[in-house]
Amino acid sequence: MVLLIQDEYPEKLWRDDGKRLDGREPYDLRPIKMEVDVIKNADGSAYIEWGNNKIFASVYGPREVHPHHLAKPDRGILRVFYRMATFSVFDRKRPAPGRREKEISMVIGDCLEPVLFLELYPGTSFEIFIEVVDADGGTRCASTTVAALALADAGVPMRSLVTSCAVGKIDGKLVTDLSGVEDKAGEADLPVSITWFNDELSLLQFDGQISQPELEECLDMAKDALDKVYNLQLDALKRKYIKIQEEAEEMGGATD
Amino acid sequence: MMDIKRVISTIEKSYIENNLKKEKRIDGRGLWEYRDFNIKTDIIAAAEGSSDMSLGDTRILTGIKYDIGEPYPDMPDEGVCTIMAELLPLASPLFERGPPDQQSIELARVVDRGIRHANCIQTKRLCIKENEAVYIVFVDMYVINHGGNMIDCGGIGSLAALISAHIPEGKWTEDGPEWTGEYLTGKDIISDLPLPITFGKIGDSVFLDPNLPEQLVSEGRLTISVTEGNITSIQKSGVTTFTPEEIKMLSKKAFDIAKDLRSSLDLWQYTTKIE
Amino acid sequence: MENDDESETDDEFEDEETSREIVAPGEILSEDLDTYNPGRGTILNKKRDKIISVLVGLKQIKNQYINVIPLNGFYTAHPGDKVIAIVVDKNPVKYRCDINAKYQGILKPKNTIKYNKKRRRGKYHEKPDTEKYEIGNVLVAKIISADRLNSPELTTVGKYLGKKTDGIIIQIDPPKVPRVIGRSGSMIKMLKKATNCNIFVTQNGRIWIKGQDIENERLAIEAIYKIEAQAHTTGLTDRMEEFIKNEKEKRGIN
């Protein structure tokens with residue numbers, strides 16, 4: 001695309017005052033907002049704003065499998081469809097899904113499957129549709145996080161939620177939650193997901209160059225970040241009901 | 001109100017039809033009333049313009065992107081606007097994955113025709129150098145929830161997104177197009193506002209803005225796009241037929257309804273101001 | 001029309017043992033396995049020393065069992081359930097019906113035969129009357145058999161079962177059905193009286209409503225959606241009665 005303003009990578013990723021370009025400290029997360037039950041037609045749904053990322057997720061299931069030959073006789077199947085809108089990126093993306101989207105769909109699916117009880121739903125499918133409408137670094141982490149919420153919102157039994165976040169290295173220093181420009185211009189990007197029921201990592205990818213001690217430190221930083229994001233997920237799931245309880249109490253309902 | 005995950009049932013059909021005969025609708029509206037509109041613009045950081053538009057339960061996100069390319073040979077000094085729509089499977093169990101199907105193409109084309117024949121897109125302003133470089137403006141609609149009447153929601157959402165757009169302004173130099181440092185906004189890009197007004201028909205009853213159950217039960221729709229002075233496009237879809245009297249009546253109604261809608265929505269307020 | 005089963009339903013939401021505490025999947029409900037056992041909506045963790053929720057719901061402690069009452073979910077067919085089914089396909093050997101479950105329900109013609117017993121001159125004449133259904137028909141059916149692997153089987157032979165020819169149906173979240181019925185049918189009796197509508201609630205979350213006019217029907221529908229949203233709150237029956245009374249005044253309905 002011929003664009004008049006170019007998507008340039010800044011020379012330095014650290015400001016003179018020691019903070020990151022968007023004003024954050026090394027371990028700070030970007031502002032995150034989550035909401036469930038945003039798409040009425042879906043069995044379950046959620047929406048997340050993570051920095052500039054804006055992502056919707058919808059869950060449909062359990063339902064019959066189309067095409068039929070993909071159905072498994074002894075368990076249900078999970079299918080994830082991660083897609084990005086044309087206008088979600090600086091350089092307009094072609095509407096059709098590309099290889100990156102298909103790879104991320106698979107990675108997110110692998111990451112969520114361990115918490116589901118698919119053996120209870122033979123011959124059926126659970127489908128998760130993820131649409132990134134605004135992207136700015138860490139979309140696969142935000143997508144996994146919002147997809148887990150949508151599953152819980154649908155009433156699909158889960159061993160636990162799944163939370164995801166990325167850590168990495170920019171201009172020599174380790175940081176939590178890379179923004180788009182940090183992801184592109186930095187030296188290392190490590191997205192991780194955790195399935196809380198066994199405290200194990202279900203997504204782990206790495207791009208860049210770091211030393212082994214740095215990797216260990218990254219994993220510790222990730223755990224802290226994941227705890228924080230997890231609490232936001234719990235809040236989003238419960239807030240919907242707590243808000244209604246509070247409104248009901250105001251109207252004088254809480255007597256028994 | 002009703003679950004749209006499956007075939008619409010005979011009693012729902014007769015319920016809607018019988019009540020329409022008494023001029024009553026399942027959501028309590030009058031025959032010529034719109035559901036509530038809700039518009040937010042310029043909400044997508046990566047896009048050069050955007051709108052998040054709800055009409056009742058129908059919600060559509062529209063984004064504006066641009067490219068610079070060579071003009072069409074028969075329109076050497078005019079920019080181009082191309083409109084696309086995706087009915088996302090996340091928006092409804094009725095939508096399937098895959099390339100745009102009939103419904104999404106119809107949505108894109110009906111919105112496109114309404115805009116094309118109005119003096120809407122300022123195509124001459126969207127030219128950087130005749131025969132060399134013009135803007136291609138992409139208007140991409142993504143349906144997030146399907147609650148009926150995606151045409152009016154998407155069409156008006158597209159107008160709001162275009163009004164909110166802030167496209168870098170280019171000038172022609174020997175090395176090609178370069179940024180002037182300024183932006184094209186609001187009336188640089190879009191002038192007249194053709195509003196699509198969609199009517200449904202069930203039995204002999206005609207009504208404005210079908211919600212989803214009404215849309216599934218009705219066998220046809222009529223969309224009339226109007227600017228302040230003119231009709232810019234008409235589209236009848238489905239197997240229903242309309243009498244010439246009905247069409248005359250609806251075309252008059254479309255102007256009245258559009259007039260009220262224009263003032264209540266006040267779309268120009270969404271023009272982006274660049275400091 | 002009365003739904004006989006109403007008085008037998010257990011409304012978990014109104015139970016004393018159901019707390020107002022909302023829990024989410026993966027949250028620890030108890031580590032005291034000497035006192036408590038994992039009940040509905042819960043599992044034991046890997047080390048078998050904690051009881052964990054698998055759903056978003058209300059925590060309930062009943063008879064040494066910790067249960068989670070789900071706040072959202074989908075319908076799973078069980079034999080004996082009454083459901084509202086919509087015929088989506090038919091062929092000479094069976095009807096296929098949408099019952100808002102993962103599989104469509106199957107209705108065989110033999111399960112649609114109604115016997116009309118007429119006593120004439122001291123003898124019973126049984127006259128089999130096979131109901132014929134069309135695609136789109138709304139049926140009140142009962143589940144005869146259902147398991148994890150196969151499509152559930154339905155029947156329309158029985159009291160209150162059969163085709164509906166008028167009224168309207170709406171869909172709510174299946175876990176909320178007990179709340180719409182209420183303990184000993186208290187909620188639904190109130191709704192019927194206050195809106196003067198016939199209301200029939202079935203296990204798959206579908207509800208059939210018929211009133212004297214659309215205004216009353218609409219009010220009943222709005223009240224039911226409110227109950228669905230507020231199922232986890234207290235004082236709901238009284239609040240809904242207030243709501244209906246106020247709205248009737250505001251809208252000028254009687």
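Mentor: The model is predicted. The contact between the two chains draws 27 residues from chain A and 34 residues from chain B. On the side of chain A that touches chain B, the elements giving two or more residues are β3 (53-64) and β5 (124-134). The largest share of that side, four residues, is supplied by β5(A). Sorted by class, the side of chain A that touches chain B holds 17 nonpolar, five polar and five charged residues.

Strand β3 of chain A also contains Pro62(A), and the peptide bond leading from Gly61(A) to Pro62(A) is cis, with omega near 0°. Another cis peptide bond links His66(A) to Pro67(A), with omega about 0°. Pro67(A) belongs to the loop between β3 and β4 (77-84) of chain A.

Asp37(A) is not a glycine, yet its phi is positive, at about 60°. The residue sits in the loop between β1 (32-36) and β2 (44-50) of chain A. Asp37(A) counts as partly exposed because 19 other C-beta atoms lie within 10 Å, and a residue is buried if there are 20 or more.

For chain C, the residue to look at is Asn196(C), also not a glycine, with a positive phi near 55°. Asn196(C) is placed in the loop between α2 (186-195) and β17 (198-201) of chain C. Asn196(C) is partly exposed, with 16 other C-beta atoms within 10 Å.

Definitions and conventions:
Residues are numbered from 1 along each chain as its sequence is written. Chains are lettered from A and ligands numbered from 1 in the order in which they are written. This is a predicted model: local features need pLDDT of at least 70, side-chain atom pairs count only at pLDDT 80 or more; totals for chains, interfaces and linings use all residues. Two residues are in contact if their C-beta atoms, placed from the backbone, lie within 7 Å. Ala, Val, Leu, Ile, Met, Phe, Trp, Tyr, Cys and Pro count as nonpolar, Asp, Glu, Lys and Arg as charged, and the others, Gly among them, as polar. A residue is buried if 20 or more other C-beta atoms lie within 10 Å of its own, exposed if 12 or fewer, and partly exposed in between; C-beta atoms are placed from the backbone.
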